[in-house]
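Please look through the model below before reading the points. They are meant for someone who has not seen this structure before.

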Amino acid sequence: MANTALKGIHHVTAMTDDVIRNYKFITEILGMRLVKKTVNQDDIHTYHTFYADDRGNPGTDLTFFAFPNTPSYVPGTNAISRTGLRVPNDAALEYYVERFEEFGVKHEGIQELFGRKVLPFEEADGQRYQLFSDENDEGVEPGTPWKNGPVPEDKAIYGLGPIEITVSYFDDFIQVLQHIFNFRLEHKEDDVAILEVGKGGNGGQVILRKDTTSDVERPGNGTVHHVSFRVEDHEAIKAWEEKYNELQMGHSGLVDRFYFEALYTRVGHILIEISTDGPGFIDEQESYEELGTTLNLPPFLEPNREYIESVIRPFDTSGNTEDQ
């Protein structure tokens with residue numbers, strides 16, 4: 001029988017207005033590694049970039065769709081409102097405060113959040129993030145810092161942290177996370193709850209906030225498109241498809257994303273994906289040393305390479321960050 005347990009956060013996918021600016025921000029300032037430069041499999045005219053730890057381990061992926069002609073998002077309720085990223089300890093937060101000051105990154109300073117130190121900050125397009133200190137954290141294991149990145153390994157981002165979701169249907173959403181996705185309710189107040197899955201901790205946590213007064217967020221560049229949670233393998237994700245069918249939940253059916261298998265459903269306004277841990281990003285197309293340096297296409301798109309390269313905006317990721 002398949003082990004269907006969710007293991008933690010797999011990846012978060014957001015929308016950016018400028019793939020080159022975003023590439024420089026994530027690699028040069030945040031110090032995450034570009035592990036795959038490919039195209040949106042549902043819209044081959046746009047990039048899909050994957051940033052992660054040193055080897056692209058599941059649970060460390062921050063990915064972006066690039067839509068240069070899409071308006072900016074308008075913040076509101078019923079949305080994934082902030083992406084968490086993990087750093088090893090409190091000292092790493094101090095390091096990033098200095099780094100953000102050096103590079104002019106908008107941030108809110110180090111704060112306390114449910115007993116942990118955090119550092120909220122924003123990208124130029126309004127994308128909202130939060131660094132979480134792993135000091136005293138116990139739970140889902142982190143990844144491995146980018147060995148050749150610009151940030152010292154003992155300070156670097158090495159995984160995804162708690163994902164913040166804001167909804168007007170607060171109690172109903174808690175019920176779905178608990179009874180369908182088997183999250184554990186670890187803390188609850190009138191307008192905020194913490195839920196955990198898998199081994200929990202920073203790599204397996206959702207922070208749910210209640211907002212019944214704001215307008216619904218209007219998606220656009222700067223918004224989070226979806227969050228994905230990890231399962232072990234094909235048998236596990238196939239069992240989730242069968243579970244959705246039994247519950248009569250609408251879903252995408254299994255989708256082979258080449259680097260992992262995916263299954264999508266929507267809970268209210270929130271797009272939730274389940275993804276397999278493998279096959280991963282290191283393969284016969286790109287070795288560990290070559291990760292992110294080429295325009296990588298899954299086999300079903302390879303026959304269209306010439307056309308794709310003619311319509312997509314080129315940018316060089318071979319080792320420098322200059323526009324090409």
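The points below go from the whole chain to single residues.

1. Overall form. The model is predicted. The protein chain has 5 helices and 16 strands. Along the principal axes, the C-alpha trace spans about 50 × 45 × 40 Å.

2. Surface and burial. Buried residues account for 57% of the 324 residues in the protein chain. The accessible surface of the chain is about 13700 Å², and carbon and sulfur atoms hold 46% of that. Of the contacts between residues at least 6 apart in sequence, 68% join residues at least 24 apart.

3. Nonpolar cores. The largest nonpolar core has 73 residues, and Leu85, Leu131, Phe173 and Phe181 touch the most other members. Helix H1 (residues 19-30) gives the largest share of this core, 7 residues. Another core lies apart from it, with 11 residues that include Phe50, Phe260, Ala262 and Leu291.

4. Leucine 131. Which residues does leucine 131 touch, not counting those up to four places away in sequence? They are Leu85, Val87, Leu93, Tyr96, Phe100, Lys117, Val118, Leu119, Phe121 and Ile157. Ring pairs also link Phe25, Tyr95, Tyr96, Phe100, Phe121 and Tyr129 into a cluster.

5. Histidine 11. This residue is found in strand S1 (residues 9-16). Is histidine 11 buried or exposed? Its relative accessible area is 2%, so histidine 11 is buried. The side chain of histidine 11 has a polar contact of 3.3 Å with that of histidine 226, and another of 3.2 Å with that of glutamate 273. Leaving aside neighbours within four places in sequence, the residues in contact with histidine 11 include Asp61, Thr63, Leu160, Val227, Ser228, Phe260 and Ser275. Threonine 60 is 49 residues from histidine 11 along the chain, yet their C-alpha atoms are separated by 6.5 Å.

6. Strand S3. Threonine 49 lies in strand S3 (residues 43-52). With a relative accessible area of 1%, threonine 49 is buried. Not counting residues up to four places away in sequence, threonine 49 touches Val19, Asn22, Leu34, Lys36, Lys37, Leu62, Thr63, Phe64 and Phe315.

7. Aromatic pairs. The structure holds 19 aromatic pairs. In one of them, the rings of tyrosine 47 and phenylalanine 315 have centres 5.1 Å apart and planes at 85°, so the pair is edge-to-face. Tyrosine 47 is in strand S3 and phenylalanine 315 is in the segment after helix H5 (305-311), so this pair ties together parts that are 268 residues apart in sequence. Tyrosine 47 counts as buried at 5% relative accessibility, and phenylalanine 315 counts as buried at 5%.

8. A pair within a helix. Tryptophan 240 and tyrosine 244 also form an edge-to-face aromatic pair, with 5.9 Å centre to centre and 65° between the planes. Both lie in helix H4 (residues 234-246), 4 residues apart, about one turn of the helix. Tryptophan 240 is buried, with a relative accessible area of 1%, and tyrosine 244 counts as buried at 0% relative accessibility.

Technical notes: Residues numbered from 1 in each chain as written. Predicted model: local features only at pLDDT ≥ 70, side-chain atom pairs only at ≥ 80, totals over all residues. Heavy atoms only, no water. Core = buried A, V, L, I, M, F, W, Y, C linked by side-chain atoms within 4.5 Å. Buried < 20%, exposed > 50% of the residue type's maximum accessible area, 1.4 Å probe, protein only. Helix = DSSP H or I, 4+ residues; strand = E, 2+ residues; numbered from the N terminus. Contact = heavy atoms within 4.5 Å. Polar contact = N/O pair within 3.5 Å; in protein donor to acceptor, adjacent residues only side chain to side chain. Areas by Shrake-Rupley, 256 points an atom, 1.4 Å probe, with all protein chains shown as cover. Phe/Tyr/Trp six-rings, centres within 6.5 Å; stacked < 30°, edge-to-face > 60°.
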